[in-house]
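Colleague: I would like to learn how to read strand pairing and domain contacts in a model like this one. Could you take me through it slowly?

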Amino acid sequence: FDYNEKYRPLYHFSPQYGWTNDPNGMVYHNGEYHLFFQHNPYGSMWGNMNWGHTVSKDLKKWEYMPVAINPDSLGTIFSGSAVIDKNNTAGFGKDAMVAIYTSAGRIQTQSIAYSLDNGRTFTKYDKNPVLSDLNFVDFRDPKVFWHQGTNQWIMSLATTQTITFYGSKNLKEWSKLSEFGEGIGDHGGVWECPDLFPLTYNGQTKWVLFVSINPGGPNGGSATQYFIGNFDGKTFKADNLPYPLWLDYGRDNYAGVTWSDAPDNRRVFIGWMSNWNYTNHVPTVNFRNAMTIPRELTLVNNGKHLVVANAPVKEIAELRRATEKVSDFTVDKTYTVDRLLKDNQGAYEIEMTVKPTANFNFKLINKKGENLKFTFDLAKGSLIVDRSNSGISDFSDNFASAEIKAPLVKKDTYKIRLLIDKASSELFINDGELVQTNTMFPSEPYNSLVFESEGTIAVENINIYELK
Ligand code: FRU
């Protein structure tokens, strides 16, 4: 295993060898965060789906585990979730880890498997599948949680262009509760990978429903929309907004869901850092694709309405190594920070506060002139990422986007954190109120920062951290 491999991330999870797409089966148990993932162990393109497995004690360092769930006569193993059966409702044993996944065969059905050794080995239930419905071709990605109020397991399932909720007392027999999605949200593509969970805002519980959609994302291809509303154990009802909400406006955060049973009531998220538009062709060699940084979800008001903020989990700050402090400066037309890090391996974080009076942009740039550009268009209310000249892009006609756009609420101050890990860029504004995640493939690390502005802007509290 070689961390020097080109584009191999230094602090994001990527498979040792082979392909990954969606994160699966995320559950915290006995001091470990489990992350299973859609995995082709035999090659670096999509196919032969298995559940790969990795664990972390701290959300910083991931230990590789053997493949956890293999294909069988019901099909290959598509996305799903895992829970800890604390009350032994299924009869597999107290505290059994139960995985609920899609068997993708001639039709898509839902199956379960259990582990009594902390996810190291799984036994498939001998009466699989536990849920099928011949009315749906796309019938997949079960995400299950225990609902205290109604004393039952709830499954959210992607059913073509809706989410169907099912209930169960024992994880084996499921009955339909309700269906959500008609006439609401974005329907530009198939609905996938739902997740329903509570978050509190001002002491009040709200329910959030994530729905990944492909294609139909705001900037093309794959993206995750969400709804904020209420859930009574049977029906999810969304608060009305005239437009869909997107968790991340960048092009490379898809199929993300949250951990079950995370400690301290945390709601921790991880997404797949790619896009179906071009993912099979990105220019890596021994592996393809990585996950986002783990992110903590909270509900905040962005000045207009509630949004789900997603910011790096606090543990990420512990990855900081060498620090370059840059003195505060003002930009009057242009300003250049010549060098980011002395020994730049392409894995770093830029933290800064910008106080704008007019439109501005900044660019990460390398000696070849390849660059990644972030434009804050206050007048038009948009945040635009331009990766059209970011590096290698000829592997797909769909990659080199010049206008990856997000709505920007005008504010006096933008607190910015930009996490770069060789081939990925995660931009967090105001603690994750607005996020853009985009991949790029520069031929060498970007090592300077160039600002341009249409007026005078102040840039303060600038720190550049090597991350490891
Ligand atoms: C989403 C998805 C899921 C499916 C999996 C297959 O990216 O299409 O709906 O379960 O990938 O790998």
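**Strand pairing and the domain contact**

Modeller: Tyr 254 has Trp 272 in β19 as its bridge partner. Before going on, please note that this is a predicted model, in which local features need pLDDT of at least 70 and side-chain atom pairs count only at pLDDT 80 or more, while totals for chains, interfaces and linings use all residues. Residues are numbered from 1 along each chain as its sequence is written.

Colleague: How many bridges join β18 to β19?

Modeller: In general, strands of a sheet pair through backbone hydrogen bonds, either parallel or antiparallel. Here 3 bridges join β18 to β19 (residues 268–272), and the two run antiparallel; strands are DSSP runs (E, at least two residues), numbered from the N terminus, and two of them pair if DSSP finds at least two bridges between them.

Colleague: In what order do the 4 strands of the open sheet lie?

Modeller: The order is β18-β19-β21-β22, with antiparallel pairing. Because β18 (254–258) and β22 stand at the edges with a single partner strand each, one side of each is left without a neighbour in the sheet.

Colleague: Which strands each supply at least two residues of the side of domain 1 that touches domain 2?

Modeller: The protein chain is divided into domain 1 (18–312) and domain 2 (315–467), with bounds from an automatic or database domain assignment. In contact are 31 residues of domain 1 and 29 residues of domain 2, contact meaning that C-beta atoms, placed from the backbone, lie within 7 Å. On the domain 1 side, β21 (295–301) and β22 (306–312) each supply at least two residues, and the largest share, 5 residues, comes from β22.

Notes:
Contact = placed C-beta atoms within 7 Å.
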